[in-house]
Amino acid sequence: MNMSQTIQTVSANRSIPWLLDAVADGYRLSREEGLRLMESHEFVAVGQAAGRVTTRMHPESYRTYNIDRNINYTNICSAVCDFCAFYRTIKSPEGYVLDRESLFQKVEQTIALGGNQILMQGGMHPKLKLDWYTDLLSELRSRYPQINLHAFSPPEIYQFTKVNRLSVREVLTELKSAGLGSLPGGGGEILVDRVRKKITRGKVLSDDWLEVMRVWHELGGRSSATMMFGHVETLAERIEHLERLRQLQDETGGFTAYICWTFRPENTGLSHLPAKGAYEYLYTQAISRLYLDNIPNIQSSWVTQGLNVGQLALLYGANDMGSLMIEENVVAEAGTVHFLTLDQIRASIEELGFEARQRDVFYNLVPKELEQFAIDANRAACKANSGST
Ligand code: SF4
């Protein structure tokens, strides 16, 4: 028996309860062990182990949330993703690129509601040159220095390299010096090329997605990581995705957080696939918590799962309720999106016995007086909205 067969045999002999106990105490799962857990359907035991890991990594008495706004600066995209109901071609009459004034208004509304960040993502526009983006970042930076610019996921960055014939490093360096604050982990889907080639065309493959993140981390930047699952991938490919993220995090340490959600088939080219429900979401997130022992934070995806499941996610590996999401278009186009008020987000944390605290993108707590300002501003906005309908 060679070494790898010996390791596989030892791993196969470990019972699921042994594995869950060990991982809760800091043991690192192998690919094979991750897959065995994924296939075991030990929903409650896996959730409890994920909860223990969360408590070990986050012993504090609070759980967090963020306030930001999702601004989709364009829906024009040169890629075709079968799961996407948001994109339009450059010739479509429904295609748009937001003008500066509309963008500035959205940022100002975010600040008025106590937000500290904008998440700016778009389609992969085939024509906009890099100076369109750097000018935009510079202007936003000088007008709103208190706002973190969390913008441009790896597929967009990769598109910028193609349109401008520049390297990833050159593009990211220019964006950073123009004011880019952090990189969102969008467009990760499943980081396995068999899957990517099946559901996307004209979009970055796994190695290039990871390379954008690697270079950004080498430049001192921070980013989030994502997984969209429940479409054409196998369980082994979900684990492979987690493995690729974990390996890169070992190398760079640049991921601050991970968020996963189930694919929403409505209005997409994959509408024949059944939508995955709460079980699949919570179970996969819990296993992600067990597997990703080097990514500190996991965000609940209540935007796709709704309030009740989003709250339960805090018991299945998440330590953060993600963002208030003042605006969300991409998931909304696919027909399934949930909206929560700030009070609902805070109440869902407090009902579990935690203090609810606002944070920034780097997971620093926002000072209490600013947190209270946001609470009051959001209550006033909700009151004004309900009065006007
Ligand atoms: S998911 Fe992104 S890259 Fe794919 S078609 Fe939609 S906008 Fe374009």
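D68 stands opposite Q117 of strand β4. This pair belongs to the contact between β2 and β4 (residues 117-121), two parallel strands joined by five bridges. Another residue pair across the two strands is formed by R69, which has I118 of β4 opposite. The model described here is predicted.

The sheet that contains these strands is open and has three members, arranged in the order β2-β4-β5 with parallel pairing. Strands β2 (68-72) and β5 (148-151) lie at the edges; each has a single partner strand, so one side of each has no neighbour in the sheet. On average, neighbouring strands of this sheet are turned by 25° against each other, direction ignored. Helix α5 (residues 100-112) packs on the sheet and touches both β2 and β4, and its direction makes about 165° with that of β2. Although β2 is an edge strand, four of its five residues are buried, so β2 is largely enclosed by the rest of the structure. In general, the strands of a sheet pair through backbone hydrogen bonds, in either a parallel or an antiparallel manner.

Strand β8 (residues 255-262) is mostly covered, with seven of its eight residues buried.

At the level of the whole chain, 17 helices and 11 strands are present. The radius of gyration is 21 Å, close to the 21 Å given by the globule rule for 389 residues, so the chain is as compact as a globular protein of that length. Along the principal axes, the C-alpha atoms fill a box of roughly 65 × 50 × 40 Å. Buried residues make up 44% of the 389 residues of the chain. When contacts between residues at least 6 apart in sequence are considered, 80% of them join residues at least 24 apart.

The surroundings of N66 give a local example of contacts between separate parts of the sequence. N66 is located in strand β1 (residues 62-66). It counts as buried because 25 C-beta neighbours lie inside 10 Å, where 20 or more are required. Apart from neighbours within four places in sequence, the residues in contact with N66 are Q117, G322, S323, Q358, R359 and V361. The C-alpha atoms of N66 and G115 are 7.7 Å apart in space, while the two residues are 49 residues apart in sequence.

S40 is found in helix α3 (residues 31-40) and is partly exposed, having 15 other C-beta atoms within 10 Å. From the C-alpha atom of S40 to that of R222, 182 residues apart along the chain, the separation is 34 Å. H41 is found in the loop between α3 and α4 (43-57). With 10 other C-beta atoms within 10 Å, H41 is exposed.

Two residues were noted for their backbone geometry. Most residues other than glycine have a negative phi. H41, which is not a glycine, has a positive phi of about 55°. E189 is likewise not a glycine and has a positive phi of about 40°. The loop between α8 (168-178) and α9 (193-199) holds E189. E189 is buried, with 24 other C-beta atoms within 10 Å, whereas H41 is exposed.

The model also includes a ligand, and the residues around the ligand are C77, A79, V80, C81, C84, F86, Y87, G123, M124, P155 and K203. By class, this shell comprises nine nonpolar residues, one polar residue and one charged residue.

Technical notes: Residues numbered from 1 in each chain as written. Predicted model: local features only at pLDDT ≥ 70, side-chain atom pairs only at ≥ 80, totals over all residues. Near = placed C-beta within 6 Å. Nonpolar A, V, L, I, M, F, W, Y, C, P; charged D, E, K, R; others polar. Rg over C-alpha atoms; globule rule 2.2 N^0.38 Å. Buried ≥ 20, exposed ≤ 12 C-beta atoms within 10 Å, placed from the backbone. Contact = placed C-beta atoms within 7 Å. Pairing = 2+ DSSP bridges. Axes fitted to C-alpha atoms, helices over the stretch in contact; angles between N-to-C directions.
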